[in-house]
Structure formats: structure tokens, C-alpha cells
Amino acid sequence: MEEGKEQVCRECGRRFTGRTDKVYCSRECKNRHNNRKRSLEERARSEAIKALDRNHEILSSLIAAGAASAGIEELSRIGFDADAVTSQRKGRCGHSECRCYEIVYYRTDVKIFGIRRQD
Ligand SMILES: [Zn+2]
């Protein structure tokens with residue numbers, strides 16, 4: 001490893017001299033970087049779970065109301081995130097078959113239909 005090359009810390013931007021494979025000026029900067037990265041990952045994960053839970057709530061209320069289909073635009077107005085699914089595959093009818101936990105439905109560009117709990 002080449003020693004003594006001046007580099008810029010990826011965390012604080014300060015110049016430091018050290019091994020060429022070092023990217024942080026100090027252990028503190030390295031820890032700060034890793035902590036921020038972890039907290040961003042946790043936030044992304046928690047937002048994904050929140051979106052799934054919100055979708056589940058909306059889908060459950062549709063089932064409870066006896067509605068088997070709904071427009072994506074009106075659903076998105078009440079917080080439905082059409083991209084938040086626990087799994088997705090091509091259904092027999094050619095539409096995307098989406099799953100939100102135990103609830104299954106088909107999706108087109110404009111609506112979801114066939115909303116039901118998997119038995
Ligand atoms: Zn630094």
C-alpha cells in the first residue's frame with residue numbers, strides 16, 4: 001500500500017495523509033458514515049413496511065365493504081402505494097397478480113380488481 005498520499009475524507013471533507021486505501025480521516029468519521037448509512041437503511045425499510053401496512057388497511061376495508069375493484073388514482077389519494085407489494089407475478093389472465101401479505105389482487109395501469117384474501 002502506498003503511504004503518505006494526501007486524500008480527502010469522504011465524511012468530513014478534511015484533507016489527511018495516510019494509506020491510499022483509507023477513505024476516512026479518523027475512526028469517528030468512519031463510524032459517523034456507517035451510522036448514517038444504517039439509519040438511512042432503517043428508514044427505507046420502515047417506510048416500505050409502513051406503505052405495505054397502509055395498503056393492507058385499505059385493501060382490508062375494500063374487502064369489508066364488498067368492493068372487488070378500485071381505481072388506482074382514487075386509491076392513491078387515500079394513501080395506497082401501487083408499488084408496495086409483498087410479491088408480484090404474471091397472473092393467468094395476463095395481468096399482474098399482486099400480493100399484500102395474505103390479500104391478493106390483479107393490477108392494471110388504472111385499477112386493481114379481484115381483491116380477495118387468499119384461502
Ligand atoms: Zn473526516
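Begin by selecting glycine 71, which stands opposite lysine 111 in E7, where strands (E, at least two residues) and helices (H or I, at least four residues) are DSSP runs numbered from the N terminus. This is a predicted model, in which local features need pLDDT of at least 70 and side-chain atom pairs count only at pLDDT 80 or more, while totals for chains, interfaces and linings use all residues. Residues are numbered from 1 along each chain as its sequence is written.

Next, select E3 together with strand E7 (residues 111-117), which pair in the antiparallel sense over 3 bridges; two strands are taken to pair if DSSP finds at least two bridges between them. Widening the selection brings up an open sheet of 5 strands in the order E3-E7-E6-E5-E4, with antiparallel pairing. Its edges are strand E3 (69-71) and strand E4 (87-90), each of which pairs on one side only.

Now show the whole protein chain, whose secondary structure comes to 2 helices and 7 strands, following the pattern β-β-α-β-α-β-β-β-β along the sequence. The radius of gyration of the protein chain is 23 Å, well over the 14 Å that the globule rule gives for 119 residues, so the chain is more spread out than a compact globule; this radius is taken over C-alpha atoms, and the rule is 2.2 Å times the number of residues to the power 0.38. With the C-alpha trace displayed, its span along the principal axes is about 70 × 25 × 25 Å.

Finally, colour the protein chain by burial: of its 119 residues, 8% count as buried, meaning that 20 or more other C-beta atoms, placed from the backbone, lie within 10 Å of the residue's own.

Technical notes:
Buried ≥ 20, exposed ≤ 12 C-beta atoms within 10 Å, placed from the backbone.
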